[in-house]
Amino acid sequence: MMLRRILEGCDYMQRMQKDEIFDMDIAGIAYDSRQVKDNYLFVAIRGEKFDGHAFIRDAKNKGAIMIAAEKEFSDAENGYILVKDSRKALACIANNFYESPSEELILTGVTGTNGKTTTTYILKSILESWGKDVGLIGTIHYMIKDKLYPAPHTTPESLEFQGLLREMLLSRCTHAVAEISSHALAQDRVDKTVFRTAVFTNLTRDHLDFHKTMEDYFRAKERLFTELLDRNGTAVINIDDQYGKRLASQLRTLSPELTIVTCGLKNGADMVAHNIQVSFRGIRVTISYRDSRYDVSSPLLGLPNVYNIMSAAAAALSLGVPWQMILQGIRQTGTVTGRFQKVDANQGFLCIIDYAHTEDALERLILTAKKLISLPHPSLKKGGYQEKPRIITVFGCGGDRDKGKRPKMGEVSTKLSDFVIITSDNPRSEDPSEIIRHIEEGTVNKNYVIVSDRGKAIQKAVDLAEEGDIVLVAGKGHEDYQEIQGIRYPFSDREILNEAIKNKRCLSDIR
């Protein structure tokens, strides 16, 4: 593609070059010098750890024939493109290079602290029940129809994001669903993208190591609705959340032409959930919308999924999906990896792994377990219950992330659980014992122990569990690694749980 076409609509200044340079043919785009090939355009962006400007010479040696950068520099045979903001430039360049794929796809973006992944999976299931070919971009993996790709980030850098959308079109997808993280919005990764529908799930404390304040965090999320959502599109907003209520109010004032659908458990929302029944087999709920009522059933567990179901249903309605297909898609949504996922090996007590890594998510997880624990579980032996079954929670906090949430998670876990095992999560560059110390500062009861080795912590929880108990292993969910001092070691909570159950069974047999 000609450089002239790639730079259309992008904010740049030319440096040290003749106009005919804009007619050069660009074979590809890269922002990582290691990915550069012959005749590439290299965009030097500033990352959280590295500055791409330091690798311009490497990129040229690899074959880059044009550079886009924020800094002026010498040694530019063909000249270079000077941009005010490399990330914004990259988003514009990527969108042009991949020929504006979001203008052809029917794209839904889902943002919020919790619930993004499950909401996208429910919506994908609904659209597929309607007979559509669907792509998905999210935390667990990226999907083009049923083909899976690894997901290094919830929302990838703009070059990969636009490339995935183009690949979806080439694979004949008509619809796409994407989790849109606050980092992606703050770093302009989805700029120039057109969203037909945008969903706001909730906003609770997280990522303040990056955003610094909740206001900055909210402002990042807000961009999806105020800058990237098609003016003829639809905003789906959970107004039981205080920030969701604020967002809906702002949009009504700032964007009166926008269609807004609000969701909640309280009267006043456009879509309201009633008669909620939660069991080990799933959820049954009645949803009211526009003077009609719909009986909904789902194999997903817990009250938080009622909100996710409503968000997905409202988004589907905005895309023209009939209610019959919406109900079918909700029923057919399978377990989402690492989201209230049961590990069942007929062990006589329930084991759950969940991605909960914030105070709010951990609280919701434990409260969901408290609702379930009084109900009979189909896999348990009759009469095998303790008089008072317990909730045993295993969790830790990630290193190099918001330290302020650590004591809050210590508080909510010891307040709501019967017993807590505080352990390590992904310590990254931090000392695990220091992270645990921060968690311990918030504990409100002495119903906990510290087992810093996560594998041993999970084994201890399983060894302590008796008939009818619920063991919650929180924080890592779908992740299959543990990051320690920059190295990712293989580690799966699900695999460790299964092994722990097997070990307990073997020990029982010996006894």
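## Aromatic pairs

Searching the whole structure turns up five aromatic pairs (Phe, Tyr or Trp rings, the six-membered one for Trp, with centres within 6.5 Å; planes under 30 degrees apart are stacked, over 60 edge-to-face, the rest tilted). One of them is edge-to-face because the rings of Phe97 and Tyr98 have planes at 85°, with centres 5.2 Å apart.

The rings of Phe200 and Phe225 sit with centres 6.4 Å apart and planes at 65°, so this pair is edge-to-face. Phe200 belongs to strand E11 (residues 195-200) and Phe225 to helix H8 (residues 214-228), so the pair ties together parts 25 residues apart in sequence (helices, H or I of at least four residues, and strands, E of at least two, are DSSP runs numbered from the N terminus). Both Phe200 and Phe225 are buried (under 20% relative accessible area; exposed is over 50%, partly exposed in between, with a 1.4 Å probe and protein chains only).

## Model notes

This is a predicted model, where local features need pLDDT of at least 70, side-chain atom pairs count only at pLDDT 80 or more, and totals for chains, interfaces and linings use all residues. Residues are numbered from 1 along each chain as its sequence is written, and side-chain values use heavy atoms, leaving out hydrogens and water.

## Salt bridges

Now to the charges: the structure holds 29 salt bridges (a Lys or Arg side-chain nitrogen within 4 Å of an Asp or Glu carboxyl oxygen). Asp191 pairs with Arg223, their closest N and O atoms being 2.9 Å apart. Asp191 and Arg223 are both buried.
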